[in-house]
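I opened the notebook to record what I looked up in this structure. The entries follow the order in which I checked things.

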Amino acid sequence: MSDDPTLGLALGGGGAFGAAHVGVLQVLAERGIHPGIVTGTSSGALVAAAYAAGFEPPAIERAALGFRWRAIARWSLTPRWGLLDTHAVTDAVRLALGSDPLIEHLPRRFAAVATDLRTRRAVIIGEGPLSVALRSTIAVPGVLPPVRRGATLLADGGIVDNVPVEAARTLGASRVIVVRLHARWENVRMMRTVTRTADLVSDPSIVLIQPEMEGMAQWRMSDLSRLIAEGRRVATQALDAAAERSAGGFP
């Protein structure tokens, strides 16, 4: 089945919690749902980029289960902007894809969301080298260095908006499957959102999937399998409910 060019998938950030996105992708594939547009913030962008590059859910699951932070960051030799250096992301992209492709050349439309540190506004990165977009969206201030892109200095998109719905709309999505991490509780200092949950719930063009990660590790790899299973559970529940509401018409 071909991709749906009007259906978006927006994956929120949250450190290791991003493994829940893998379970969501598995359920979508099993149901023959293929979004043609995918956007992500922070760890959600890492999963979104793999999907946009054409990797199937089993391959993404293997990568997630084997993930270690050193794959995207190393100790910085010049720690003025952050303790770690994210150039490892470029190496990881080249290893996985054979090159550092331009985003506009990926099989699916993709964008990562970052924050312009000067204006404190969200920046949608939908073109240019993939590694630059990924290094920008994961750049937690004080830990990972910001990334210069033209005249802007970019950092983690979760600073201003951790739910990249508007990015999916900007790329042309008329309907969006949204995976919002931190469903019932939020680490407000690290991950914020300008998108209210009530607005997402009330919008008929959106299917909202909210994994519950309470009791699971956000910055360690100890709960990856549980997080993937939780993504599967809530995706199944949300898609079933959406199908009932629309008599099978969504997505």
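Entry 1, the chain. I am working with a predicted model. I looked up the secondary structure and found 8 helices and 10 strands in the chain. The chain has 251 residues, and 54% of them count as buried. I then took the contacts between residues at least 6 apart in sequence, and 74% of these join residues at least 24 apart. For the surface, I noted that the chain exposes about 11,400 Å², with carbon and sulfur atoms supplying 55% of that area.

I counted 33 lining residues, of which Leu46, Ala50, Ala63, Ala64 and Phe67 are the closest to the pocket centre. Helices H2 (43-52), H3 (57-65), H4 (88-97) and H5 (130-137) are the elements that each give two or more residues to the lining. The largest share, 6 residues, comes from H4. I also sorted the lining by class, which gave 27 nonpolar, 4 polar and 2 charged residues.

I found Glu230 in helix H8, which covers residues 224-245. Is Glu230 buried or exposed? Glu230 counts as buried because its relative accessible area is 10%, and the cut-off for buried is under 20%. I next checked what the side chain of Glu230 reaches, and noted the backbone nitrogen of Glu212 at 2.9 Å. Leaving aside neighbours within four places in sequence, I listed Pro211, Glu212 and Met216 as the residues in contact with Glu230.

How values were computed:
Residues numbered from 1 in each chain as written. Predicted model: local features only at pLDDT ≥ 70, side-chain atom pairs only at ≥ 80, totals over all residues. Heavy atoms only, no water. Helix = DSSP H or I, 4+ residues; strand = E, 2+ residues; numbered from the N terminus. Buried < 20%, exposed > 50% of the residue type's maximum accessible area, 1.4 Å probe, protein only. Contact = heavy atoms within 4.5 Å. Areas by Shrake-Rupley, 256 points an atom, 1.4 Å probe, with all protein chains shown as cover. 1 Å grid on protein atoms, 1.4 Å probe; cavity = no way out; pocket = protein on both sides within 12 Å on 5 of 7 lines; lining within 4 Å. Nonpolar A, V, L, I, M, F, W, Y, C, P; charged D, E, K, R; others polar. Polar contact = N/O pair within 3.5 Å; in protein donor to acceptor, adjacent residues only side chain to side chain.
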